[in-house]
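Please examine the sequence and the three-dimensional model shown below.

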Amino acid sequence: MIKKFLKRVFRKSLKVKTVGKAQVIPFSLHGVAREQISYGAKKVTDGLQAAGYQAYVVGGAVRDLLLEKTPKDFDVATDATPEEVRRVFRRSRIIGRRFRLVHVMFGEEVVEVSTFRRMIEAEDAQTDAHGRLLRDNEFGDQEQDAARRDFTANALYYDPGTQEIFDYHRGYADTRDGVLRMIGDPAVRYREDPVRMLRAVRLSAKLGIKLEAATAAPIGKMKDLLDNVPEARMLDEMLKMLLSGNSVECIQQLRKMDLHHGLLPMLDVIWAQPKGEKFIKLALHNTDDRLRQDKSVSPAFLFAALLWPEVQTEWEKRVKGGARPIGAMHDVMDEVLAKQKSRMAIPHRHDAVMKEIWLMQQRFEQCSGQRPFRLLEHPRFRAGFDFLLLRCASGEASGELGLWWDEFQDASTERRAEMLQPEGTGEKKRRRRKPRSKPASSAAAE
Ligand code: ATP
Ligand code: MG
């Protein structure tokens with residue numbers, strides 16, 4: 001409290017100069033040091049500035065540093081054109097057709113460099129029938145570049161040379177106050193690009209800052225505009241949410257704002273079933289934890305988890321109705337994926353992995369004979385086992401089964417032999433036996 005108060009007084013007592021329409025926040029006020037910028041981003045801004053161009057670190061990285069979070073990556077904005085940037089850095093390439101960006105490579109680090117752009121005036125803008133901007137890639141100056149960005153916190157330009165922040169929309173004050181505010185008229189900006197509604201939810205959840213009232217207000221009314229966003233872009237945004245490290249907060253916030261419809265069509269159904277909600281929450285928490293520990297997360301695993309309650313419920317229904325388990329599983333998997341894809345295009349390349357994970361779940365029930373050994377050899381055993389653990393944690397599979405597989409994987413040959421259940425136990429065994437007993441009926445016919 002006192003610290004906050006002193007900061008305020010201190011802030012007021014410092015003079016903030018202005019250059020054109022920008023407020024220039026000095027290092028003594030914001031405290032973000034050059035050393036906090038990545039090696040590659042510093043090289044890029046230094047190189048471009050030495051060649052006579054303007055160059056700043058911009059966007060999420062500046063915002064995250066002000067909020068004392070570790071930035072995911074460092075983007076650079078400059079007045080040099082993509083070709084000019086290329087000429088300064090040998091190890092670079094121009095990417096993208098619509099927005100031409102330059103990737104500059106420094107070993108493992110890739111710095112994305114964008115040329116200042118401007119928003120196209122309303123009369124020249126190409127929009128779709130719903131007002132969505134189809135093109136906004138005209139070059140501009142820094143002030144124009146700031147105006148086309150989404151939130152004030154995302155429109156801050158940090159110069160690693162002088163350690164100053166250029167701020168055109170009071171983004172510094174908003175960030176310090178923990179407020180996410182749309183630049184310009186929020187309703188107009190959401191119409192131009194409805195994905196900004198999802199970004200608002202994701203960034204406020206991820207950063208733990210609140211959506212300013214006027215920024216939040218139109219979202220409820222405008223959410224249907226999300227229907228016009230191309231599927232690939234929806235998937236991109238959905239993945240960013242799920243892999244943000246705060247997926248639980250993101251999804252909860254989406255639901256609160258009634259934005260979740262259409263993203264994962266089954267999310268509503270799933271959430272309504274107590275079992276499903278528990279499972280998905282566990283899967284999301286698990287992902288968040290893994291990301292916090294810098295472990296990898298596979299999108300296929302995550303989607304497999306999100307869709308599992310639907311697959312499982314439908315499969316059980318069919319098996320109870322007399323369908324053959326494996327055949328029913330294949331049908332259900334295809335149907336669930338088709339239904340999901342009608343809205344959000346989970347890339348086909350994930351299909352195989354999702355199906356493998358799902359199919360493996362039945363095989364985990366088989367703890368006798370050669371079957372467990374064959375399952376251990378499965379190239380995706382690890383993912384399948386992690387998935388089983390989620391099912392155990394949610395109460396859908398027995399805890400004992402998880403423990404059995406946990407031990408069996410690393411057990412000695414002798415121990416494994418002891419652990420194997422005698423042939424003929426377990427549901428699947430009994431089912432398999434049936435056809436074998438058939439010849440008996442022919443014997444009866446003798
Ligand atoms: P993250 O931490 O998820 O990377 P970010 O804000 O850096 O968050 P990016 O998608 O990397 O998000 O975008 C970089 C910058 O580009 C943003 O900070 C913002 O200034 C601008 N931007 C991104 N998407 C939009 C959009 N839909 N409309 C306007 N500006 C955008
Ligand atoms: Mg970013």
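The model is predicted, with local features requiring pLDDT of at least 70 and side-chain atom pairs counting only at pLDDT 80 or more, whereas totals for chains, interfaces and linings use all residues. Residues are numbered from 1 along each chain as its sequence is written, chains are lettered from A and ligands numbered from 1 in the order in which they are written, and side-chain values use heavy atoms, without hydrogens and water.

Asp-294 has a positive phi, near 60°, although the residue is not a glycine. Gln-163, also not a glycine, has a positive phi of about 60°. Gln-163 belongs to the loop between strand S10 (156-159) and strand S11 (164-167).

A positive phi occurs again in a hairpin formed by S5 and S6: five residues lie between the strands, and Gly-96 in the turn has a phi of about 80°. Strand S5 (residues 92-95) and strand S6 (residues 101-106) run antiparallel and are joined by four bridges; two strands pair if DSSP finds at least two bridges between them. Within this pair, Ser-92 is placed opposite Val-104 of S6.

The ligand site comes next. Ligand 1 sits in the largest pocket. A pocket is an open set of points, on a 1 Å grid over the protein atoms alone, where a 1.4 Å probe fits, with protein on both sides within 12 Å along at least five of seven lines; a molecule sits in a pocket if more than half of its atoms lie within 2 Å of its grid points. Helix H4 (60-66), helix H9 (195-207) and helix H12 (231-242) are the elements that give two or more residues to the shell around ligand 1. H9 gives the most, with five residues.

Which residues come nearest to ligand 1? They are Arg-63, Asp-193, Arg-196, Arg-202 and Lys-206, out of 17 residues around the ligand (near means a heavy atom within 4 Å). By class, the shell has 13 charged residues, three polar and one nonpolar.

Polar contacts are pairs of N or O atoms within 3.5 Å. An N or O atom in the side chain of Arg-202 is 2.7 Å from an oxygen atom of ligand 1, and a polar side-chain atom of Lys-206 lies 2.7 Å from an oxygen atom of the ligand. A backbone N or O atom of Asp-150 lies 3.2 Å from a nitrogen atom of ligand 1. Taken alone, ligand 1 exposes 590 Å², of which the protein buries 84%; accessible areas come from the Shrake-Rupley method with a 1.4 Å probe.

Methods:
A polar contact is a pair of N or O atoms within 3.5 Å; within protein, one must be able to donate a hydrogen and the other to accept it, and residues adjacent in sequence count only if both atoms are side-chain atoms. On a 1 Å grid over the protein atoms alone, a cavity is a set of points where a 1.4 Å probe fits but cannot get out, and a pocket is an open set with protein on both sides within 12 Å along at least five of seven lines; lining residues have an atom within 4 Å of a point. Ala, Val, Leu, Ile, Met, Phe, Trp, Tyr, Cys and Pro count as nonpolar, Asp, Glu, Lys and Arg as charged, and the others, Gly among them, as polar.
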